[in-house]
Each structure stands twice: as structure tokens, then as C-alpha cells.
Amino acid sequence: MNNAQEKIYNEEDIKSCIKPLSGNGFIRLFQNAGRRWLGVWYAFAESKPRLADWLYKIGFFLAFSLSVTLYQYIIMTFLPYAFKSLNNGPAGWPMIPIKAAGGRNFTVFGDGNGWGYFIAFEIAVFTAQCINFPLQRNVTYKSHGNPWVQAAWYFAGWTLVSVGTSCIWGVCNAFLLHWGCPQAVSGLIKTLLTGCVSLIVFFFIFMVIFPDNAKIADRAAKKYGKLVAAGASAKKLQKAENRKNLWESRALASRAEQERRSAISLASARAIKYFAFKKRFGQARSLCVRLAESCAPETKLIKAQAERERCLDLKERAFVQAAEAAARAEKYAVQV
């Protein structure tokens with residue numbers, strides 16, 4: 001018997017799908033919550049894959065983007081003091097006075113407080129992007145493209161976004177300085193402004209530089225088909241075929257990894273669900289025995305027996321689901 005589908009699964013097989021929990025009660029609480037959530041999520045992803053894919057990307061994109069924005073604000077709260085000696089008044093380019101802001105200068109490269117504040121801000125933003133890029137690439141979009149090419153496009157996009165936000169900030173900062181806004185508040189406003197603009201623009205930039213492998217493979221296959229139909233040269237055909245094979249293998253690898261993670265997490269969650277229903281059934285059965293021994297009212301006993309039968313039905317259905325999930329997880333374990 002070498003096929004996981006032919007195997008008859010028992011409780012021990014299902015129990016083996018559950019990874020050991022931490023000995024720390026606090027950590028164990030979060031582990032249990034996380035496993036149940038993953039089970040619900042992967043079950044939802046199976047029924048509505050396209051919606052789940054969008055929710056996954058938006059969720060992680062926002063989580064990482066907001067986290068680096070917070071990091072950026074924390075850095076901007078303290079780092080300017082390291083360059084305090086450079087904060088000798090307005091500095092930068094193009095230094096155009098704004099009459100409505102009391103003659104304060106509009107600057108794109110620079111700051112109304114001095115070069116020190118500008119340098120601190122650029123350091124904070126750049127290091128934040130160095131954190132954001134690998135997280136978005138490897139976790140949110142799970143891209144298998146050339147990292148150096150993607151990093152170059154990301155840097156180009158970040159440069160354009162930075163120039164755009166600097167132009168907006170150049171106007172805002174002139175008014176904030178004119179109104180005597182505290183530096184901490186000014187830093188918060190600048191972080192939120194640049195963060196929100198970057199959040200919107202980079203979501204679409206990421207869709208371009210981190211494309212879906214399956215879509216690229218599909219486009220490469222169609223292009224190859226068109227070249228074959230048009231009778232293209234052997235050199236062009238070979239190049240198109242290599243590209244098609246490359247992206248098909250990447251799409252296959254992406255899909256296999258996603259299915260493997262889904263199978264393992266779903267098996268663990270359904271195993272936990274089964275043992276939870278088994279425990280409830282045991283409690284319901286014990287209650288029926290106690291009520292029968294204590295000669296409890298018939299209506300109360302009937303109600304308890306109905307609950308016992310309901311728990312038994314839930315337990316049996318949960319067992320079937322857990323066994324199916326265990327078989328699927330074992331199939332991926334054998335493949336690996």
C-alpha cells in the first residue's frame with residue numbers, strides 16, 4: 001500500500017498532523033488561535049481562490065507598509081538630533097518664498113529646519129524601503145523574478161514617489177514652520193503624508209514589478225504560440241520557448257509551495273477541530289449518563305440525548321474532514 005488515498009486513517013494519523021505546542025501557556029494560547037485561523041483561512045481560500053488572493057495581498061501589503069511607516073516615524077523622532085549641527089535654518093532647492101506662508105521657502109531637496117533634518121528623513125525613508133522591499137517581494141507577492149531587476153525598478157519607483165511627495169511636503173512644511181508647529185508633530189505629519197501617498201502608488205507599482213507567475217507564464221505561452229503560427233525564425237522560437245518554460249516552471253513551483261503550506265495548515269486545523277468535537281461528545285455522553293443515574297426529569301434527559309447525538313454527528317463529520325486533510329498533507333510530505 002503506497003498510495004495515501006488507499007490508506008485508512010485513524011486518530012493517531014490525524015493527531016500526528018498537529019505540531020507540538022509550546023510549554024509556555026501564553027505562547028500556546030496564540031498558537032492555538034493561529035492554527036484555527038489558518039484552518040479557516042485555507043478553507044476559504046479553497047472555495048474562493050481569487051478573492052482570497054486579493055485579500056491576502058492587500059492584508060500583508062498594508063501590514064508591512066504601516067509597520068515600516070511606524071518605523072520611519074520612530075527614526076524621525078530621534079535621528080534629526082544626530083545631525084543637529086547641520087540644522088542652521090532653511091536649506092535646499094529651489095528655495096522659492098511663499099507669501100501666504102509668511103515668506104517661508106518652498107523646497108524639494110532640503111528642509112526648512114536645515115540639511116540635518118533632510119538627511120535624517122532620507123535615511124529613515126531609505127532604510128524603511130530596504131525593509132519593505134524583501135517583505136513585499138517574498139511574503140506578500142511571493143515573486144520568483146530577478147531580484148536585482150526588481151530592486152532597480154523599485155528604486156526608480158521610490159525615487160519618483162519621493163520627488164513627488166517632497167514637492168507636496170515642500171508646500172506643507174512652509175506653512176507648518178510659519179505656524180510654529182512642533183518638530184515632533186511636523187515629523188508625524190510628514191511621515192503620514194509620505195506614507196499614505198507611497199501606500200497608494202506602491203500598491204500598483206508592486207503589481208507591475210511583482211507580477212503573478214501564472215499570468216506571466218500564460219502570456220509567454222500565448223506569445224510562443226503566435227510566433228509558431230507566424231512561422232518565426234528558429235532563434236526567436238527558441239528564445240520564446242525558453243521564456244515560456246522558465247515561467248511555467250516558476251508558476252508550478254509557486255503553486256506547489258502554496259498548496260503544500262495550505263495542506264499542512266488545513267490538516268492541523270481540522271485535526272484540532274476533530275479533537276475539540278470529540279471532547280464535546282464525551283462531555284455530552286457523560287452528562288446523559290449522570291442524568292440517567294440521578295433519575296433526572298425525562299425532558300431534561302431527552303434534551304441531553306439530542307445534544308449527544310448532535311455532537312456525535314459533528315465529531316464524525318469532523319473526522320472525515322480531518323482524514324481527508326491528513327491524506328492531502330501526507331501526499332505533499334511524500335513529494336517533498
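1. Which residues line the second largest cavity? In this predicted model, the lining consists of T107, V108, G110, F118, F121, S166, W169, G170, N173 and K190. The space within the second largest cavity amounts to about 60 Å³.

2. Three elements, β2 (104-111), α4 and α5, each contribute at least two residues to the lining of the second largest cavity. The greatest share comes from α5, which supplies 4 residues. By class, this lining comprises 4 nonpolar, 5 polar and 1 charged residues.

3. How many cavities of 30 Å³ or more are counted? The count is 2. The largest cavity holds about 210 Å³ of space. Its lining is made up of 20 residues, of which Q72, Q129, T194, G195 and S198 are the closest to the cavity centre.

4. Four helices each provide at least two residues to the lining of the largest cavity: α3 (49-78), α4, α5 and α6 (183-209). The class composition of this lining is 8 nonpolar, 11 polar and 1 charged residues.

5. The packing of α4 against α5 deserves a separate point. Two packed helices are described by the angle between their axes and the distance between the axes. Helix α4 (residues 115-140) and helix α5 (residues 147-178) meet at an angle of about 140 degrees, and their axes are 11 Å apart. Because of that angle, α4 is oblique to α5. The two helices cross in a right-handed sense.

6. On the α4 side, the contact with α5 is formed by E122, V125, F126, Q129, N132, F133 and R137. On the α5 side, the contributing residues are P147, Q150, A151, Y154, F155 and W158. Taken by class, the residues of this contact comprise 8 nonpolar, 3 polar and 2 charged. Q129 belongs to the α4 part of the contact and is also among the residues closest to the centre of the largest cavity.

7. Which residues does Y56 contact, once its neighbours within four places in sequence are left aside? These are W41, V139, T140 and K142. As for A45, its C-alpha lies 9.5 Å from that of Y56, with the two residues 11 apart in sequence.

How values were computed. Residues numbered from 1 in each chain as written. Predicted model: local features only at pLDDT ≥ 70, side-chain atom pairs only at ≥ 80, totals over all residues. Heavy atoms only, no water. Axes fitted to C-alpha atoms, helices over the stretch in contact; angles between N-to-C directions. Parallel < 35°, antiparallel > 145°, perpendicular 65-115°, else oblique. Left-handed = near helix turned anticlockwise from the far one by under 90°. Contact = heavy atoms within 4.5 Å. Nonpolar A, V, L, I, M, F, W, Y, C, P; charged D, E, K, R; others polar. 1 Å grid on protein atoms, 1.4 Å probe; cavity = no way out; pocket = protein on both sides within 12 Å on 5 of 7 lines; lining within 4 Å. Points joined across faces, edges and corners; volume = space filled by probe spheres on them.
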